[in-house]
Each structure stands twice: as structure tokens, then as C-alpha cells.
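Hello,

Here is the structure I promised to pass on to you. Have a look at it first, and then read my notes below.

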Amino acid sequence: ICGSCWAHSAVCSLEGQYINVTGERTEFSEQDLMDSNIDNNGCNGGFAFKAFDFIKKRGGIQSRDEYPYIARKVKSNRKK
């Protein structure tokens, strides 16, 4: 079992706001957060507010198509 609810919560919130601002639907990557956000603990839990801070500092998040969810932490190929 992967405790990534924090990443799903953050991504769902971002997707909703993205629709409100742009009128377009997109899917962001929970896996990107799990693998890159060192302030959270991947499948061992975390907090959506830390994910939001991370996305803001990094300047974005990948799409689910670019970085699909696999329900386990893998080594990131992105800068943290």
C-alpha cells in the first residue's frame, strides 16, 4: 500500500484551480511529487501544503502523461 494521499490531494486541488483559471482540463503528476518533493515522504506520507510550496519553488509540475503514477517511489530524474 502506498500512502500517497497527500500527493493526490495536492494534484486534485491544482487541477481544479487550473480549470478555473484556464478553462482547460489537465492531469498533473502525483508521481512527480512523490519522487521529487524531499519535504514529503513519498509512499510513507506527507502534506499537501508542502507539495504546494515545492511546486511553487520549483516553478511547476509535470503532467501525468509525462510522469505516470506507479504507486511507489522511484529515483527521480529531475532536480529537487
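Arg64 forms a salt bridge with Glu30, and the closest N and O atoms of the two are 2.8 Å apart. (A salt bridge is a side-chain nitrogen of Lys or Arg within 4 Å of a carboxyl oxygen of Asp or Glu.) This pair links distant parts of the chain: Arg64 sits in the segment after H3, Glu30 belongs to helix H2 (residues 30-36), and 34 residues separate them. Helices here are DSSP runs of H or I with at least four residues, and strands are runs of E with at least two, numbered from the N terminus.

Before you go further, please keep in mind that this is a predicted model: local features need pLDDT of at least 70, side-chain atom pairs count only at pLDDT 80 or more, and totals for chains, interfaces and linings use all residues. Residues are numbered from 1 along each chain as its sequence is written, and side-chain values use heavy atoms, with hydrogens and water left out.

Is Glu30 buried or exposed? Glu30 is buried, with a relative accessible area of 3%. (Buried means under 20% relative accessible area, exposed means over 50%, and partly exposed is in between, using a 1.4 Å probe and protein chains only.) Arg64, in contrast, is partly exposed at 24%.

Arg64 also meets Glu15 in a salt bridge, at 3.6 Å from N to O. Glu15 counts as buried, at 12% relative accessibility.

How many salt bridges does the structure hold? There are five, and one more to look up is that of Arg58 with Asp32, whose closest N and O atoms are 2.5 Å apart. Arg58 lies in helix H3 and Asp32 in helix H2, so this pair ties together parts that are 26 residues apart in sequence. Asp32 is buried, at 0% relative accessibility.

Now for the helices. H1 (residues 5-22) and H3 (residues 48-58) pack at an angle of about 60°, and their axes are 8 Å apart. That makes H1 oblique to H3. Axes are lines fitted to C-alpha atoms, for helices over the stretch in contact, and angles run from 0 to 180 degrees between N-to-C directions. Angles under 35 degrees count as roughly parallel, over 145 as roughly antiparallel, 65 to 115 as roughly perpendicular and the rest as oblique.

Which residues meet at this packing? From H1 come Trp6, Ser9, Ala10, Ser13 and Leu14, and from H3 come Ala48, Ala51, Phe52 and Ile55. (Contact means heavy atoms within 4.5 Å.)

Ile55 deserves a look of its own. Ile55 is buried, with a relative accessible area of 10%. Not counting residues up to four places away in sequence, Ile55 touches Leu14, Leu33, Gly60 and Ile61. The C-alpha atoms of Ile55 and Ile38 are separated by 12 Å, and these two are 17 residues apart along the chain.

One last stop is Ala71, in the segment after H3. Phi of Ala71 is near 65°, a positive value in a residue other than glycine. Ala71 counts as partly exposed, at 36% relative accessibility.
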